[in-house]
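Hello,

Here is the structure I said I would pass on. My notes on its charged side chains follow below.

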Amino acid sequence: MDLHTLARSVEDYVRQRLARYIDELSTLCAFETFTFHKAGIDQATEWLAARLQALSMEVTIVERQEWGNDLLARLRGQSDRDDVVVLLAHSDTVYPVGTAAARPLRREGNRLYAPGVCDMKGCILAALYALEALQALNYRPFGELRFLCVSDEEINVRHCDDLMEQVLRDAHRALVLEAARANGAIVSARKGNAGYTLRAYGRAAHAGVEPEKGRNAIIELAHQVLQFAGLSGWREGLTITPGLISGGSATNVVPDYAEARFDLRFLHLEDKEATEERWLGLLQQQRVPGVRLELEEDPHLKHPLVCTPAAHRLAEQARAIAAMLGFSLEHVLTGGASDASYAALYGVPALDGLGPIGGNDHSPDEYLVLDSVPPRAALLAGLIASPLPAEAGLEEATIIHHTH
């Protein structure tokens with residue numbers, strides 16, 4: 001079967017089943033899958049496991065004691081080639097327990113609204129329909145397909161590192177199921193993300209009787225926040241955002257402690273390292289003598305997804321499949337992080353944003369564009385079934401960056 005026929009067949013298959021898709025999405029969105037709500041995530045994972053088993057996939061639920069369970073499904077292909085395709089997804093959402101019950105799936109014209117409908121329950125389900133269509137067509141020209149759905153994508157404290165390594169270490173391409181951008185673009189590059197906490201230790205004193213004996217931690221911290229935030233943009237694409245700040249105990253006490261937390265986004269790891277070096281220099285430029293400063297980097301650095309030559313070939317392949325389906329496709333850089341960073345860490349060519357079109361993630365207006373589901377499922381199926389692009393494979397993730 002040629003690729004054009006395959007893509008069109010998958011699109012028709014999914015379009016004819018949109019009513020069932022909506023019913024299933026209503027069920028999936030009804031699960032309360034806040035990252036910290038294990039019971040709800042486990043329910044959703046059980047539902048997904050049953051759905052994948054119905055597609056003849058070998059499913060393993062990875063039990064977690066504290067967090068929601070993860071899921072790994074495997075499907076052997078019809079090819080003897082060493083061609084491992086990985087689909088990356090996440091089951092958790094940012095919405096507190098009770099939100100799903102309060103806002104069940106609703107349809108308004110061509111849009112579906114619900115908590116997590118595009119980030120990323122509707123995208124997971126669209127991928128299942130793509131796999132279902134490939135199975136119905138008996139077309140699996142790959143060596144192995146792995147579907148990994150983790151429960152910790154929305155937070156920085158990750159428990160899935162070992163599972164990601166297991167799944168990605170020998171993979172040949174990774175397709176990430178985040179929603180397409182609101183304008184329909186997919187993602188071929190993402191900024192890296194690191195978090196930091198800066199702590200200031202001063203000396204307490206009575207603010208009225210003897211303030212001169214104090215060492216004001218808040219004033220020093222404020223000075224350092226302004227210094228560091230001023231480095232935003234000193235390298236291309238680099239942003240620094242002070243996001244949380246706290247300190248002091250009472251207005252009549254010179255504060256002896258304050259802290260601030262920062263978000264750093266960068267295009268290349270060397271940008272991060274150079275910024276840290278400059279920051280350490282700024283910490284020597286103090287406003288309040290006697291205040292001790294302590295800088296700590298958060299664990300779980302998210303590596304940048306660099307558009308390497310192999311990833312660029314994948315993106316061009318996606319554009320060709322989209323043209324077969326009758327729509328144009330751009331691939332872009334975005335500042336948001338995703339689990340594509342794990343693919344980057346292991347040098348696996350990756351594309352992101354391969355779900356249907358959606359937007360307003362993490363808000364009461366989160367939506368999915370219904371008529372984008374069939375063509376985007378067909379695009380994903382085409383990428384799964386396509387031969388590995390020439391010269392693609394494992395490579396160092398830092399060699400070339402393409403901006404779009």
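**Salt bridges**

Glu 132 is buried, at 9% relative accessibility. Please keep in mind that this is a predicted model. The side chain of Glu 132 forms a salt bridge with that of Arg 51, at 3.0 Å from N to O. This pair joins distant parts of the chain, since Arg 51 sits in helix H3 and Glu 132 in helix H5 (residues 117-136), 81 residues apart. Arg 51 is buried too, with a relative accessible area of 9%.

Helix H3 (residues 38-53) also holds Lys 38 and Asp 42, which are 4 residues apart, or about one helical turn. Their side chains meet in a salt bridge of 2.9 Å, N to O. Lys 38 is partly exposed, at 23% relative accessibility. Asp 42 has a relative accessible area of 17% and counts as buried, because the cut-off for buried is under 20%.

In helix H1 (residues 3-15), Arg 15 and Asp 12 lie 3 residues apart, again about one turn of the helix. The salt bridge between their side chains is 4.0 Å, N to O. Both partners are partly exposed: Arg 15 has a relative accessible area of 40%, and Asp 12 is at 38%.

Some of the charged residues form a network. Arg 199, Glu 259, Arg 292, Glu 294 and Glu 296 are linked by salt bridges. In total, the structure holds 30 salt bridges.

Regards

Methods: Residues are numbered from 1 along each chain as its sequence is written. This is a predicted model: local features need pLDDT of at least 70, side-chain atom pairs count only at pLDDT 80 or more; totals for chains, interfaces and linings use all residues. Side-chain values use heavy atoms; hydrogens and water are left out. Helices (H or I, at least four residues) and strands (E, at least two) are DSSP runs, numbered from the N terminus. Buried means under 20% relative accessible area, exposed over 50%, partly exposed in between (1.4 Å probe, protein chains only).
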